[in-house]
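Open the model in your viewer and keep the selection panel handy. We will go from one stop to the next, selecting a few side chains each time.

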Amino acid sequence: MNTADLGLPVEVPSTALFTDQYELTMLQAALKAGTAERRSVFEVFTRRLPHGRRYGVVAGTGRVLDAVTNFRFEAGMLAFLGERGIVDEATLKWLADYRFQGDIWGYPEGEVYFPGSPLLRVEGSFAECVLLETVILSILNHDSAIAAAASRMSSAAGGRPLIEMGARRTHELAAVAAARSAYVGGFATTSDLAAGFRYGIPTVGTSAHAFTLLHDQERDAFRAQVDALGADTTLLVDTYDVTEAVRTAVEVAGPELGAVRIDSGDLLLVAHRVRQQLDELGARDTRIVVTSDLDEYAIASLAAAPVDAYGVGTQLVTGSGHPTCSMVYKLVARAESADPSAPLMPVAKKSTGGKTSVGGRKWAARRLDAYGVAEAEVVGTGPVPDELADRQLLVELVKGGEVVAREPLDAARERHIAARANLPLSATQLSRGEPVIPTEYLHLPSGS
């Protein structure tokens, strides 16, 4: 069980068929041609950020490590591939023994990135590396998109806590990954119990409008909830009349009422009115939680409102308009044999229409200005300049097929807070703009 090191309670099933068929047919052809064992380097990067975004956020690295560890072709899978004639017997035999034995380096989870950043570098034989393309991209593209949206929302919230509550707005398994990514990006809690169970994310939740509608009177619903959960609970006050509901809530729970939630209407106006009413009723410590299809712009518009926490669903789990990061997985270098001493040759597709790539095995470093603020993402091949040696971004994740960098999710969350704080202040502006720092290239091979 690959999650045992962190005490996580759920095993990840085999990920071997989370792939595209052409990866297996390429494998079969390479095995027949005698090129499958050539030492190769693949890199994950994106050519551009989503339109208007100023930085990206790396998320899903821990799930990638799980996926690579569990990339095993089980008997039923091999039978499926054979019965469909997807690959031949020789390839099936090779797949039966598949274990990734290579090395993986990457930006640590929670780090920020920019166009051209080599977010993940996968090294090994062509055969073992090419099979991982789809599962790696599906995880990183989804999780990083959610984390970027979460980061923008947490910046807009200005320190007020955010609740992830988008499980009902996406696929049930994607919801768990989304809650994990939101936590990395700055959210404090989730309503999704599967995410809490699997990743240890704090969970919250009290009641919906259905609970109020179940009872003959709103007062009865509030009384039942307080009796069951205590006065520190959160009462939903917009089922009927907000003013009357707030009055009833304080009468039932007393001034120790934990919070009220507002899920509709003009949130800015209603929040001010509710805060005034709560204070007049003596419930000065009662918090106000707002929900209702929020995004980073709506959160920012409530900065002056007496709001204590935000609940976000649909816009978060769909990446707030950008559900993918357009990351790609490209072969950037390869040798002429499996010999570890054989030199790596840079390779790159020549293309027009913005789909170009840069050959060569790359490193990355972030250059800081005199004030310690990031001023450039430097990507290069060959020797790392001395002045950037201690600013390198890639860390070793897998060595010889063994995961060497598993970490608690809180470490990724804290890393993101620190990484975002090191960017220029304009990084947190919600207005559309270019990447907040440029990407510079050094020592690139000729013709790449």
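Start by selecting R413 and Y183: R413 lies over the face of Y183, at 4.5 Å from the ring centre. A charge sits over a ring here if NZ of Lys or CZ of Arg is within 6 Å of the ring centre and within 35 degrees of the ring normal. Next, pick R180 and Y199, where the charged end of R180 sits over the ring of Y199, 5.3 Å from its centre.

A word on what you are looking at: this is a predicted model, in which local features need pLDDT of at least 70, side-chain atom pairs count only at pLDDT 80 or more, and totals for chains, interfaces and linings use all residues. Residues are numbered from 1 along each chain as its sequence is written, and side-chain values use heavy atoms, with hydrogens and water left out.

Now for the aromatic rings. The structure holds six aromatic pairs; rings of Phe, Tyr and Trp (its six-membered ring) pair if their centres lie within 6.5 Å, with planes under 30 degrees apart counted as stacked, over 60 as edge-to-face and the rest as tilted. Select F71 and Y98: their ring centres are 5.4 Å apart and their planes at 65 degrees, so this pair is edge-to-face. F71 is in the loop between α2 (61-69) and α3 (75-83), and Y98 is in the loop between α4 (89-96) and β3 (103-106), so the pair ties together parts 27 residues apart in sequence. Helices (H or I, at least four residues) and strands (E, at least two) are DSSP runs, numbered from the N terminus.

How exposed or buried is F71? F71 is buried, at a relative accessible area of 0%; buried means under 20% relative accessible area, exposed over 50%, partly exposed in between (1.4 Å probe, protein chains only).

Of the 51 residues in the largest nonpolar core, F73, V122 and I136 touch the most other members. Such a core is a set of buried Ala, Val, Leu, Ile, Met, Phe, Trp, Tyr and Cys residues joined through side-chain atoms within 4.5 Å. Colour helix α6 (residues 133-157), which gives the most to this core, with six residues.
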